[in-house]
Amino acid sequence: PPRAGRPNPTPEVASVMDEDLKSSTRSNVNIIETEITTPTTDYNPAPHHRHRVFTTNGDLFVFVMVGLPARGKTYVAHKIKHYFEFFHSAPTAVFNAGQTRRRLLGAKHSHNFFDPKNEKGVQLREDMAKRTLKDLVEWLKEKNKNDALGRVAIYDATNNTRKRRKWIVEQLSPVLQSRRHLIFIETICEDKKLVEHNIRSAKLTMPDYAGLTEEQAILDFKKRIEHYSISYEPLDDKHDDTLSYIKMYNGGDCLTMNRIKGNLPGRLVTLLMNLHTYTRPIYLSRHGKSLYNVQGRIGGDSHLSKEGVNYAKVLAKYVENKILTSTENPEINAKHARLYTSTMQRSIQTTKFIKHNVQKDGWVTMRPRRLAALDELYAGKFDGMSQQDIAEQAPEETKRRDKDKLNYRYPRGESYSDAIERVQLVALQLERHRDPVLVVAHNGIIRILYAYFKGLSREMAPHVKVPFDTVIKLVPKPYNCEETRNVLLKPEFISSSRSDTTADRVKSKSE
């Protein structure tokens, strides 16, 4: 079409342009046909750990927690640790001053120990803070085979005064490359109900309160908070403008930051933007048995078998009778439940009997969201084959997969490490949601999500047992993740494919 300010071409010029366009089109078609008919290569590069170096660039980072007790510091610290270890293979460790105190001084300390007027208690707590930071520095300086990968250390303590934070900067400056590698993370909570929730869900099981009643423990811990509040000095722009810091408000409702730059700090911000301390259920389920499952073949985009359709019907009843009627957490509106599936037919068809009623506030219950990130691992040139056929036709590939199931990549396909990178985005979405969520996906993908929320290592993810016809209910808590498995159909389906190797039979901690 003619552009503004440019005259239309003459008929002669237009004719030449048409011929050029037709010639160009024929040329492009030929190129496409040549690419399609090019034979596939048998070359399959060996597993590598490129993504590890990319995460930290070989740098050392220290994240320092700041805030009053029962504000979610330890919960956030351990979430950061597991996130960087699981999704980025970054060597990460948490150094908790409270654990150092309990290990060296014992666990039985009432609120009087934390009273700023208790000079002996003040000195002992200072000693424990110094010992904890010393352990952190020694860990950062350790030399090992993965030294080039860098390390991430998290200093978990109240660190509630400017004097303490200045001392931390002085101690870590000789160790780190720059002050930008030291990031303070302050958790602030002005919601009294949330503080009460944090105390009841996390603090009552502390060794400090063994043998006390629930009310005695709550009363003592609230007095401990009062002692820390006397000297508490929050981070602010006026006094701490030269520091790199992130402030989280009310369990993730708001986030502010100062002097945050770079790849890894940016990933940290992305994680913290999605974290909260509210309790909610996450439901994980494999799709119903597909035609390929019955035939013992992997991959493909086949439809559900008769057994798979039966599971889809039972799953819809489970959603209606269990998920949408849950009353275990009165702060959650169960009718606001969400539904995630992959883009593959067997996953979508497993949810086709679930109702999507519109609530009075306009919310569509279980509105289906189809995410390509939840698609099954792509088997490449082995797609559609059985494990037995693969073992017979490509025995060396089978040996390589059995040796390193995490990093093994199917020829022209994916590895578990590849899938972990794309599933990361879904995991962050599940972290953010405060409503119930049902994820219906595939064996490998459910394994990854299960391993992440259960706190398992990425090396264990490919070996987690995820049976058919079963809904796995996970409830993330500050210090653990509760699990319930509901078998909706019996007997359990037995695959006709190759049996798992010895490594595959490693059971997860939950089993």
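Colleague: Where is Ala394 found?

Modeller: This is a predicted model, in which local features need pLDDT of at least 70, side-chain atom pairs count only at pLDDT 80 or more, and totals for chains, interfaces and linings use all residues. Residues are numbered from 1 along each chain as its sequence is written, and side-chain values use heavy atoms, with hydrogens and water left out. Helices (DSSP runs of H or I, at least four residues) and strands (runs of E, at least two) are numbered from the N terminus. On that basis, Ala394 is found in the loop between helix H13 (387–393) and helix H14 (395–403).

Colleague: Is Ala394 buried or exposed?

Modeller: Buried means under 20% relative accessible area, exposed over 50% and partly exposed in between, with a 1.4 Å probe and protein chains only. The relative accessible area of Ala394 is 14%, so Ala394 is buried.

Colleague: How far apart in space are Ala394 and Phe382?

Modeller: In sequence, Ala394 and Phe382 are 12 residues apart. From C-alpha to C-alpha, their separation in space is 9.6 Å.

Colleague: Which residues of H4 are buried, and why do they line one face of the helix?

Modeller: The buried residues of H4 are Ala97, Gly98, Thr100 and Arg101. Seen down the axis of H4, they fall within an arc (taken over the directions from the helix axis to the C-beta atoms) of 160°, so they line one face.

Colleague: Against which elements do the buried residues of H4 pack?

Modeller: Contact here means heavy atoms within 4.5 Å. The buried residues of H4 pack against strand S2 (92–96), H5, strand S3 (151–156) and H8.

Colleague: Which residue just after H4 takes a positive phi?

Modeller: The phi in question is about 95°. The residue that takes it, just after H4, is Gly106.

Colleague: What is the volume of the largest pocket?

Modeller: On a 1 Å grid over the protein atoms alone, a pocket is an open set of points where a 1.4 Å probe fits, with protein on both sides within 12 Å along at least five of seven lines. Points are joined across faces, edges and corners, and a volume is the space filled by probe spheres set on them. For the largest pocket, the volume is about 1,200 Å³.

Colleague: Which helix gives the most to the lining of the largest pocket?

Modeller: The largest pocket is lined by 45 residues (those with an atom within 4 Å of a point), and Ala97 and Gly98 are among those nearest its centre. Helices that each supply at least two lining residues include H3 (73–88), H4 (97–105) and H5 (119–141). With 6 residues, the helix that gives the most is H5.
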